[in-house]
Amino acid sequence: MPTTVGIETTGDDAGIEHFIRGLPKTDLHIHLEGSIEPELMLTLADRNGISLPWSSTAALRSAYHFEDLQSFLDLYFAGCRVLVHERDFYDVTLAYLERAVVDGVIRAELFIGPQSFTERGVSISTLISGVLTAMDDATRKHGISIGLLISAHRHRSEADALALLDSILPWSNRILGVGLGGAEAGNPPSKFERFFHAARKKGFHTTVHAGEEGPAAYVREAIELLQVDRIDHGITCRDDPALVEDLAAMAIPLTVCPLSNLKLKVVQSLETHPLKTLLDAGLRVTINSDDPPYFGGYVSENLIACRQALGLSVSDIVQLARNGFSSAFISQDEADAGIGSIDAYLDEHVAFS
Ligand code: ADE
Ligand code: ZN
């Protein structure tokens with residue numbers, strides 16, 4: 001174990017950025033539908049004869065300005081239309097995973113929300129086969145460890161979510177867990193109590209988007225009513241000190257996505273993001289990409305931006321990376337190996353340890 005952390009670095013920005021990119025990391029909160037880079041979006045639209053309101057990557061990129069979560073979701077759901085065939089799901093999944101590998105991610109847990117596709121007649125088997133084949137190929141080629149999470153849409157009914165749960169059972173040995181995403185305000189976790197109970201009974205891990213735009217009370221509901229293993233975002237817990245204490249005591253991970261929070265105006269600025277406060281309060285905070293092209297960065301860019309805005313120390317950055325492995329839905333052995341790979345990396349980068 002290297003002496004590491006606790007020691008502040010005075011290294012230059014370029015050196016620290018290089019250190020962050022090479023640090024073994026996780027990405028536990030990334031939506032495949034939200035990972036389509038503009039180039040691939042246009043290629044898929046062309047391949048499937050789908051007309052989009054944007055004819056160039058520049059036009060697409062310039063549309064990536066959002067007022068709130070809903071204005072992003074409108075674009076995100078429009079983009080889902082380009083995914084039709086098994087090969088499309090394969091291409092999108094592999095493209096994300098290859099970028100993640102370059103970004104230093106060695107464990108990724110990928111969300112996909114099948115309801116956007118099945119409502120248009122794409123079969124669940126088309127979607128899952130494309131994603132799983134790409135996951136297998138990426139692991140074989142690059143050694144990256146990957147899990148699949150199925151996300152239900154919270155603006156739809158709980159009956160729809162339960163039907164989705166039934167539809168994925170044939171792949172239950174390849175699906176790690178279930179989650180809940182989409183428009184948060186007015187769709188509290190309590191709306192999905194039976195869905196999460198049923199998912200846990202089937203042996204799935206559970207995670208829920210809560211406390212992104214919604215109040216701290218939604219995070220409380222998620223842990224008490226849904227009894228989830230993890231919270232996606234969760235940052236509005238900062239408004240309830242007792243909840244912060246409970247999350248720390250229960251070691252419930254938060255998969256925080258700072259650039260997403262900034263772009264969706266959940267925080268006014270990265271400088272006022274509660275990430276560092278929550279980390280210092282002992283919460284198991286992790287850093288993740290959410291929908292990287294829409295928000296301007298993968299995990300490393302999130303860490304780099306937060307380092308600058310919040311003055312994160314190397315110890316903070318290493319702690320966030322370690323938290324990723326202890327929060328992942330993996331065995332203790334794999335978590336220990338991930339943390340061991342961080343320690344080995346620190347041994348090789350003595351300037352930062
Ligand atoms: N689906 C994709 N990104 C999301 C986000 N940030 N919040 C809720 N649902 C999402
Ligand atoms: Zn998300």
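The four donor atoms around the zinc ion (ligand 2) subtend angles of 84 to 171 degrees, and the arrangement is therefore irregular. For four donors to count as tetrahedral, all angles would have to lie between 85 and 135 degrees. The structure described here is a predicted model. In this model, the zinc ion (ligand 2) is coordinated by the NE2 atoms of His29, His31 and His209 and by an OD atom of Asp290, at 2.0 to 2.3 Å. Along the chain, the donors of the zinc ion (ligand 2) follow the spacing H-x1-H-x177-H-x80-D. The pair formed by histidine 209 and aspartate 290 links distant parts of the chain, the two residues being 81 residues apart. Histidine 209 belongs to strand 5 (residues 205-210), whereas aspartate 290 lies in the loop between strand 8 (285-287) and helix 14 (292-295). Both histidine 209 and aspartate 290 are buried.

The C-alpha atom of leucine 264 is separated by 6.1 Å from that of glutamate 67, although the two residues are 197 residues apart along the chain. When residues up to four places away in sequence are not counted, leucine 264 touches Phe66, Glu67, Asp68, Leu69, Phe72, Glu212 and Phe295.

The packing of helices was also examined. Two packed helices are described by the angle between their axes and the distance between the axes. For helix 16 (residues 314-327) and helix 17 (residues 332-348), the axes come within 8 Å and cross at roughly 155 degrees. Angles over 145 degrees count as roughly antiparallel, and helix 16 and helix 17 are therefore roughly antiparallel to each other. Their crossing is right-handed. On the side of helix 16, the contact is made by Val318, Ala321, Arg322 and Phe325. Helix 17 contributes Ala335, Gly338, Ile339, Ile342, Asp343 and Leu346 to this contact.

A second pair consists of helix 10 (residues 216-224) and helix 11 (residues 241-250), which pack at an angle of about 35 degrees with their axes 10 Å apart. The crossing of helix 10 and helix 11 is left-handed, whereas that of helix 16 and helix 17 is right-handed. In helix 10, the residues Ala216, Val219, Arg220 and Ile223 meet Ala242, Leu243, Asp246, Leu247 and Met250 of helix 11.

Definitions and conventions:
Residues are numbered from 1 along each chain as its sequence is written. Chains are lettered from A and ligands numbered from 1 in the order in which they are written. This is a predicted model: local features need pLDDT of at least 70, side-chain atom pairs count only at pLDDT 80 or more; totals for chains, interfaces and linings use all residues. Side-chain values use heavy atoms; hydrogens and water are left out. Donors are N, O and S atoms within 2.8 Å of the metal (3.2 Å for Na, K and Ca); water is not among the atoms, so sites may look incomplete. Four donors count as tetrahedral if all angles lie between 85 and 135 degrees; four count as square planar and six as octahedral if opposite donors are over 155 degrees apart and all others between 65 and 115; anything else is irregular. Helices (H or I, at least four residues) and strands (E, at least two) are DSSP runs, numbered from the N terminus. Buried means under 20% relative accessible area, exposed over 50%, partly exposed in between (1.4 Å probe, protein chains only). Axes are lines fitted to C-alpha atoms, for helices over the stretch in contact, and angles run from 0 to 180 degrees between N-to-C directions. Angles under 35 degrees count as roughly parallel, over 145 as roughly antiparallel, 65 to 115 as roughly perpendicular and the rest as oblique. A crossing is left-handed if the near helix is turned anticlockwise from the far one by less than a right angle, and right-handed if clockwise. Contact means heavy atoms within 4.5 Å.
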